[in-house]
Amino acid sequence: MRASRALTVALAVGAAVGFAAPAAVAGGPPSGGPTSVEVDPSSVHQGATLRITARGCQNGGRVSSNAFDEVHLSSGDINYATARIHDHTTPGNYSLAVKCNDNDRVATRSFRVLEGRGADGGLGGAAGPTDTEMAIGGGLAGTAAIGGALFLARRRRVGVRV
């Protein structure tokens, strides 16, 4: 009796795996739609930018939220969009909706808006001076050197009276 139960269970599992294999190879439902929606960072200050990544929108799509203006997703295997949070967005939890251009499915993701503008650190010295800044600085240094030399030369002539 035990052997017949084990055989029945083995056949049932084999049939389930056999029927599920074509769906797994196909990569999901044929209608597609946005999947794997991620936001970076998940907590963002007012006025900062939020990067949205999704999959499944081969022809691009749209991302909308109350915290920012609607932005467009890039097309391809992985879809990207960058949204700028409004300066006066009320701090709190928000959600965004991703909708592909070629179907009606919508995927959502939540994020948090923090109070304040955050640090505006700039490039932190990572960018060197531009050619214009170098030219202006060189011109000022040269002018100062010539002016100093003329001042010293004139002062020596005035003091030599004997």
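Reader: What makes T90 exposed rather than buried?

Author: Its relative accessible area. T90 has 54%, and exposed means over 50%. So T90 counts as exposed. This is a predicted model, so the value is computed from predicted coordinates.

Reader: Where does T90 sit?

Author: T90 is in the loop between strand 6 and strand 7, the latter being residues 92-100.

Reader: How many helices and strands does the chain have, and in what order do they run?

Author: Two helices and eight strands. From the N terminus on, the order is α-β-β-β-β-β-β-β-β-α.

Reader: What share of the chain is buried?

Author: Buried residues make up 20% of the 162 residues. The chain exposes about 11,600 Å², and carbon and sulfur atoms supply 57% of that area.

Reader: Why is the pair of Y94 and F111 called stacked?

Author: Two tests apply. The ring centres are 6.1 Å apart, and the cut-off for a pair is within 6.5 Å. The planes are 25° apart, and stacked means under 30 degrees. So Y94 and F111 form a stacked aromatic pair.

Reader: What does that pair tie together?

Author: Y94 lies in strand 7 and F111 in strand 8 (residues 106-114), so the pair ties together parts 17 residues apart in sequence. Both residues are buried. Along with F68, Y94 and F111 form one aromatic cluster. The count of aromatic pairs is two.

Reader: What makes E38 and R109 a salt bridge?

Author: The N to O distance. Their side chains meet at 3.3 Å, and the cut-off is within 4 Å. So the pair qualifies. E38 lies in strand 1 and R109 in strand 8, so the contact ties together parts 71 residues apart in sequence.

Reader: Are E38 and R109 buried, exposed or partly exposed?

Author: Partly exposed. E38 has a relative accessible area of 41%, and R109 has 33%. Buried means under 20% and exposed over 50%, so these values fall in between.

Reader: Which other salt bridges can you show me?

Author: The structure holds four. Among them, D87 pairs with R84, the closest N and O atoms being 2.8 Å apart. D104 pairs with K99 at 3.6 Å. Both distances are within 4 Å, so both pairs meet the rule.

Reader: How do you know that D104 is exposed while K99 is partly exposed?

Author: D104 has 68% relative accessibility, and exposed means over 50%. K99 has 23%, which lies between the cut-offs of 20% and 50%. In the other pair, D87 at 31% is partly exposed, and R84 at 43% is partly exposed too.

Key:
Residues numbered from 1 in each chain as written. Predicted model: local features only at pLDDT ≥ 70, side-chain atom pairs only at ≥ 80, totals over all residues. Heavy atoms only, no water. Helix = DSSP H or I, 4+ residues; strand = E, 2+ residues; numbered from the N terminus. Buried < 20%, exposed > 50% of the residue type's maximum accessible area, 1.4 Å probe, protein only. Areas by Shrake-Rupley, 256 points an atom, 1.4 Å probe, with all protein chains shown as cover. Phe/Tyr/Trp six-rings, centres within 6.5 Å; stacked < 30°, edge-to-face > 60°.
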